[in-house]
Amino acid sequence: MNLTADMITKLNSRVSPVIFESVNSTNLVAKDLALQGASEGTLVIAGRQTAGVGRRGRTFFSPDGGIYMSLILRPSQSKTDFLFITVAAAVALSQSIESLSHKKCFIKWVNDIYINGKKVCGILTQGRFLLDGDTPEYAVLGVGINLVTPKGGFPDEISGIAGSVFDKESVPPKISAKLIADFCERFFSFYDNIESKNYLEEYRLRSYLTGKKIEYTSPDGVLHIATVTGIADDAGLIVEENGKAFKLTAGDIKIKWT
């Protein structure tokens, strides 16, 4: 890839990019660096991933032309605030993509960015905690962006839901650098005061699921259908089912279109 660290640091001096042509997973590389003592702001970037990881261990399609990056963080907040890293990142990334593409971005709870009904980005925050179980040792914020349409298109299994920020097969490296630097600037502005949750209202306004019927599976394996009514203060998904309102805090959600 033609992207260089200087192109990013000229726009945002708070991050220290480490750029690879290809890695198995930027999150895995970043976790190794974090364990070796890498400082907050270390940013692992790759032109492609051979074993990109999504939520629940799923693979994340990572061809040439995308942006795959993992940001090392050293949060001092509690485990509760740690959970809001993904929420803050989703808002920051939506703002950055919008500013560059002029396309409206929505957030599908909890960690996907959608444009025109298609997923263009996934976010995965992972970390390690100290022995007290509540204090983070480090966090790795992983972001995968379908910046352009991959050559040959998306694989059949995701072609119906996957989209790209730009409807072309390539963009200049300066576009990638600008998006990365702008995202990091916006994210850190939230992260530095993450306990304030000053990003939560925008997260709510960008909710892709609010007003839609969804399918979810309860812990006992039963499939349920509910209507999403909003986002709770702890970023849980508020739903209504059979006239009763309650909150989902984890699990896989599918939109019920029929």
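User: Is E40 buried, partly exposed or exposed?

Analyst: In this predicted model, the relative accessibility of E40 is 27%. Buried means under 20% and exposed means over 50%, so at 27% E40 is partly exposed.

User: With which residue does E40 form a salt bridge?

Analyst: The contact of E40 has its closest N and O atoms 4.0 Å apart. E40 lies in the loop between helix 2 (26-35) and strand 2, and its partner in the loop between helix 1 (5-9) and strand 1 (16-20), so the pair ties together parts that are 26 residues apart in sequence.

User: Is R206 buried or exposed?

Analyst: The limit for a buried residue is a relative accessible area under 20%. R206 has a value of 6%, so R206 is buried.

User: How many residues of helix 4 are buried?

Analyst: Helix 4 covers residues 84-101 and has 18 residues. From its first C-alpha to its last it reaches 26 Å, close to the 26 Å expected. The helix is largely enclosed by the rest of the structure, because the number of its 18 residues that are buried is 17.

User: Which residue follows helix 4?

Analyst: The residue that follows helix 4 has a positive phi. This phi is near 60°, and the residue is H102.

User: In which helix do R204 and E201 both lie?

Analyst: The side chains of R204 and E201 meet in a salt bridge, at 3.4 Å from N to O. R204 is partly exposed at 24% relative accessibility, and E201 is partly exposed at 45%. The two residues are three apart, about one turn of the helix, and both lie in helix 6.

User: Which residues do salt bridges that share partners join into one network?

Analyst: A search of the whole structure finds 14 salt bridges. One of them pairs R206 with E98. Through shared partners, salt bridges join into one network E98, K104, E202 and R206.

Terms used. Residues are numbered from 1 along each chain as its sequence is written. This is a predicted model: local features need pLDDT of at least 70, side-chain atom pairs count only at pLDDT 80 or more; totals for chains, interfaces and linings use all residues. Side-chain values use heavy atoms; hydrogens and water are left out. Helices (H or I, at least four residues) and strands (E, at least two) are DSSP runs, numbered from the N terminus. The expected span of a helix is 1.5 Å times one less than its number of residues. Buried means under 20% relative accessible area, exposed over 50%, partly exposed in between (1.4 Å probe, protein chains only).
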